Amino acid sequence: MTPQDARNPSRPAALPAVPSEPPVTPMSMQTLYGIAVSPGVAIGPALVLDPRGPRLPIRAIAPDGIAAELDRLDRGLVAARGEAEAAESSARQRLGPEYADILAAHAQMVGDPTLRNNARTRIERERISAEHAVSEILEAHAARLESLSDPYLAARAADVRDIERRILGQLSGKHRPAVMDHLGGPTVIFAHDLSPSETADLDPQRVLGFATEAGGRASHTAIVAEALEIPAVVGLGRFLDRARQSRQAIIDGDEGLVVLDPDAETLESYRRAAVERAARFKALAGLTSLPARTLDGTLVELWGNIEFPAEAAACNEFGALGVALYRTEFLYLNQTRPPSEQEQFEAYVKVVKSLGGHPITIRTLDLGADKLASYQKAGYDEPNPALGLRSLRLSLRNPVLFRTQLRAILRASAFGDVRVMFPLVTTLAEFREARSLLEDVAAELRAEGVAIRDKISVGIMVEVPAAAIMADQLAKEVDFFSIGTNDLIQYTLAVDRTNESLADIYSAADPAVLRLMAMVVDAAQAHGIPVSVCGTIGGEPLYTMLLLGMGLLQLSMPPHQLPEVKQLIRGIRLEQARAVAQKALRLETSTAVLELLHEALQSALPEERRTVARSKSRGEIKAS
Ligand code: PEP
Ligand code: MG
């Protein structure tokens, strides 16, 4: 009733009029930048999944209710473990062992006696509910992980929260709705974070793509998204409030972009690119069994880079000649202790066997700097970790750790063409020390009667300017070089490879980097040893002509990048590539080199591909 009506009670009270709908003002387009973790483009209606629900209210337990609460805790844990095991076996069928193993680890953590004991202590001591005890313990654990500087370990917080939700669901008897329950038709999903098991449950037919505020390149969520071929971008920072108001979105998993409420022109260009991309991939599939031979007959070797044993299958699928870089530190990163010799041996043999006779280069531990295992953290506090005790230096200072790995590698060598590569070699003395340790371990194994391969190639990564400058000396003693451009750029240009704000300086196209690479190639050629590139640019079409023209005819890359690089190689002549390299090596700035490379790529691509050639190489934005 308005004051007017109150004064004239005879007048019927007017109901406030239903306000007319405000005119729909379309939100303006907004582009957000994150980390590309699963390639492809998704366009569709957007749905924001609510972030984690409110914290649990504290429910005090009466002294005589404690026994019942402890019992409830046990029943909840058992049920949650059963649920995690069921999820594991379903993932094993749908996705394969690598992904199922993630869920197996979840099941194991649910059954961890420490979790149960800690929760029991809290219930007894603080008289709180089982839900509350579990939540406090796991939330503290997740927060601790998140605070670590190592992105891999920080990403494990998502796994811990996943476990927490599972247990709370069982304790409360309420099953949290699965992500898929929120969806109607095909949708683009936005969330604060998605746990690995939520991701594993996604139906690629209905989830066109997803983007999250949290997350990093090494998260299990990212790995699973790629396996399901769902385009994904993570690590966008806070954007859900804005996304809640958007109707339509584009997720560009190649460039790490999210476009909210795209305008008609942007939509059209992405739609066109999607059609072209699909056609291109179809055409590329036919290349798998063909050689990467230039039009004038030069054969280029294309190899795979892997981090997990299960990726060996993709190397076979995309026609890699073998694995030229197996980053073994990933075996150590998600562990609470270093893997045993037997565990490592089994992982290496698994890769060797799945490559069916193709060679594999096992890189020894490259831990330290941004790749720290949890058990390394204590007492590891260096002012400049990237210049500190990392990689081969760390292995040499920890002979027990190093010898254990070398024993596992050498034992695996009995099963196939295994080669050994030392990372971050800086001086000749360092290489000699590492090789002599390897020889020592080989002699030890032979004395024990353990079978190992007769002759094992031993090479080094050239990723420090000192090694590039000394390449002519090193080439006399090593069996091969592999240029690790990711680190070589970082150390040549004094730019932290993980610092996004310096991405414009971090460039493989910098003339200083190119000159160092040329020195390495010259030294390798003069001493007749193979030289390859295993840094990110090895799989970047933008750099392919430059590398070939510089004499780098062995490239290694994540397996799914092989077809595109192969297609480009099959459409060019080596003399074309040489002309590009000669020109590039005379230029003064990275900008000039990049312009040249873009032009060269455009002219090398078939007409229909030119418009979709990416304007910026992933390697220019961030190294892996
Ligand atoms: C490199 O530095 O180029 C390289 C391949 O090693 P990582 O990226 O693992 O440091
Ligand atoms: Mg490196």
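## A question to begin with

Which residues in α23 meet Leu594, Leu597, His598, Ala600, Leu601 and Ala604 in α26? They are Pro541, Leu542, Tyr543, Met545 and Leu546, where meeting is a matter of contact, that is, heavy atoms within 4.5 Å.

## The model and its conventions

This is a predicted model, in which local features need pLDDT of at least 70 and side-chain atom pairs count only at pLDDT 80 or more, while totals for chains, interfaces and linings use all residues. Residues are numbered from 1 along each chain as its sequence is written, chains are lettered from A and ligands numbered from 1 in the order in which they are written, and side-chain values use heavy atoms, with hydrogens and water left out.

## The chain as a whole

The chain contains 27 helices and 16 strands, these being DSSP runs numbered from the N terminus (H or I, at least four residues, for helices; E, at least two, for strands). Of its 624 residues, 52% are buried, a word that stands for under 20% relative accessible area, with exposed meaning over 50% and partly exposed lying in between (1.4 Å probe, protein chains only).

The accessible surface of the chain is about 27,900 Å², and carbon and sulfur atoms account for 54% of that surface; such areas come from the Shrake-Rupley method with a 1.4 Å probe, and for residues only the protein chains shown count as cover. When contacts between residues at least 6 apart in sequence are considered, 70% of them join residues at least 24 apart.

Two packed helices are described by the angle between their axes and the distance between the axes. Here the axes are lines fitted to C-alpha atoms, for helices over the stretch in contact, and the angles run from 0 to 180 degrees between N-to-C directions. Angles under 35 degrees count as roughly parallel, over 145 as roughly antiparallel, 65 to 115 as roughly perpendicular and the rest as oblique.

For helix α23 (residues 541-549) and helix α26 (residues 590-604), the axes come within 9 Å and cross at roughly 95°, so α23 and α26 are roughly perpendicular to each other. The contact of α23 with α26 has ten nonpolar residues, one polar and no charged, where Ala, Val, Leu, Ile, Met, Phe, Trp, Tyr, Cys and Pro count as nonpolar, Asp, Glu, Lys and Arg as charged, and the others, Gly among them, as polar. Helix α4 (residues 113-126) packs against helix α5 (residues 130-146) at an angle of about 125°, with the axes 9 Å apart, and α4 and α5 are therefore oblique to each other. From α4, the residues Leu115, Asn118, Ala119, Arg122 and Ile123 meet Ala130, Ala133, Val134, Glu136, Ile137 and Leu138 in α5, and by class this contact has eight nonpolar, one polar and two charged residues.

Helix α21 (residues 485-493) and helix α22 (residues 511-526) have axes 10 Å apart and an angle of about 120°, so α21 and α22 are oblique to each other. In this pair, Thr485, Leu488, Ile489, Thr492 and Leu493 of α21 meet Ala512, Val513, Leu516 and Met517 of α22, a contact with seven nonpolar, two polar and no charged residues.

## Two residues in loops

Pro186 lies in the loop between α7 (157-172) and β4 (187-191), and at 44% relative accessibility Pro186 counts as partly exposed. Leaving aside neighbours within four places in sequence, Pro186 is in contact with Pro45, Gln205, Arg206 and Leu208.

Glu329 is found in the loop between β10 (323-327) and α13 (330-333), and Glu329 is buried, with a relative accessible area of 0%.
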